[in-house]
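Subject: Handing over the structure

Hi,

Here is the structure I promised to pass on to you. Please have a look through it first, and then read on for what was found in it.

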Amino acid sequence: MSNRDSDMEETEEKMIIIGSYGGKVKLLRDGEESASEEIMLLWGIQQPTFSQPNSFVAQSSLQLRLDACGHSLSILQSPSSLGKPGVTGSVMWDSGVVLGKFLEHAVDSKMLTLQGKKFIELGAGCGLVGCIAALLGAQVTLTDMPDRLRLLKKNIESNLRHGNVRGSAVVEELVWGDEPDQDLVEPFPDYVVGSDVIYSEGAVKDLLDTLMHLSGTQTTIFLAGELRNDAVLEYFLEAAMEDFVIGRVEQTQWHPDYCSSRVVLYVLKKK
């Protein structure tokens, strides 16, 4: 069987490899119907509304403690900022913990290589995912809005100040929809990730513009999100399918101790 025939067979089965991630993921077909089918499937099978939120986080606490990559991380939170309109990055959400531990598990399982790779986190918030990526050897740039950078820098400095960090991490301002600084796109990153970044229809266009700006031919994108609003996720998927190949990472490939029916994880690559 030729490689082309093999690729066609995998596509028909809807399980393919996307980008630099070695695991086969469930391909989302292009089109409006595919987006709506995906939403019906997620809410029908995972039934997120029937499970307890915040399985791995405590948003009333001033810090989140998590073991990752042989390190004990202590991520500071700002619960008092949570009530401010538009502020979501002041505390941790399950999707961030799931994504961070997925990256660790994927590297341990040889499905992913982060050593020496250029890695950008969008909407980094408290910085957990970027910290884990740096511990896994990536050259990480954690980005967020200007008013979120103080807490982000504090967490990076306190968790990555020791000399046994395999990679590196810096913090940089990035407003979605704006032209990114040249250092972010020259060269294009190997990986772009985000957790809980699909939260409103108003932010979808700017998020997709930024993903397009940051994506080269070799860029692989991971997005993890909380299953809160089916309309917002469907809107994002429908719009993203125009420019990206999208696959859903099955929970069998997540870290076995960090799975949640309230979280979904996608891998994307520019067409």
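In what follows, two residues are in contact when heavy atoms of theirs lie within 4.5 Å. With that in mind, let me start with Met-241. Leaving aside neighbours within four places in sequence, Met-241 is in contact with Leu-28, Arg-29, Asp-30, Gly-31, Ser-34, Ala-35, Ile-246 and Lys-271. Met-241 itself is found in the loop between α8 (230-240) and β10 (244-248). Although it is a loop residue, Met-241 is buried, because its relative accessible area is 3% and buried means under 20%. For a sense of distance, 21 residues along the chain separate Met-241 from Arg-262, and their C-alpha atoms are 23 Å apart.

Before you go further, please keep in mind that this is a predicted model.

The overall picture

The protein has eight helices and eleven strands. Its radius of gyration is 18 Å, close to the 18 Å that the globule rule gives for 271 residues, so the protein is as compact as a globular protein of that length. Along the principal axes, the C-alpha atoms fill a box of roughly 50 × 40 × 35 Å. Of the 271 residues, 52% count as buried. The protein exposes about 12,300 Å², and carbon and sulfur atoms supply 49% of that area. If you take the contacts between residues at least 6 apart in sequence, 72% of them join residues at least 24 apart.

The main sheet

Five of its five residues are buried, so β8 is largely enclosed by the rest of the structure. Tyr-191, Val-193 and Ser-195 point one way from β8, while Val-192 and Gly-194 point the other way.

Moving along from β5, four bridges join it to strand β6 (residues 139-144), and the two run parallel. Phe-119 stands opposite Val-140 in β6.

While you are at helix α7, have a look at Thr-210, which lies in it. Is Thr-210 buried or exposed? Thr-210 counts as buried, at 2% relative accessibility. Not counting residues up to four places away in sequence, Thr-210 touches Leu-122, Leu-174, Val-175, Trp-176 and Gly-177.

A hairpin

β3 pairs with strand β4 (residues 71-76) in the antiparallel sense over six bridges, and Leu-64 stands opposite Ile-75 in β4. The hairpin of β3 and β4 has two residues between the strands, and in this hairpin Cys-69 takes a positive phi near 55°.

The cysteines

How many disulfides does the structure hold? It holds zero. Cys-126 is in no disulfide, and the nearest cysteine sulfur, that of Cys-131, is 10 Å away. Cys-126 counts as buried, at 1% relative accessibility. Cys-259 is in no disulfide either; the nearest cysteine sulfur there is that of Cys-69, 17 Å away. Cys-259 is partly exposed, with a relative accessible area of 30%.

Best wishes

Conventions
Residues are numbered from 1 along each chain as its sequence is written. This is a predicted model: local features need pLDDT of at least 70, side-chain atom pairs count only at pLDDT 80 or more; totals for chains, interfaces and linings use all residues. Side-chain values use heavy atoms; hydrogens and water are left out. Buried means under 20% relative accessible area, exposed over 50%, partly exposed in between (1.4 Å probe, protein chains only). A disulfide is a pair of cysteine sulfur atoms within 2.5 Å. The radius of gyration is taken over C-alpha atoms; the globule rule is 2.2 Å times the number of residues to the power 0.38. Accessible areas come from the Shrake-Rupley method with a 1.4 Å probe; for residues, only the protein chains shown count as cover. Two strands pair if DSSP finds at least two bridges between them.
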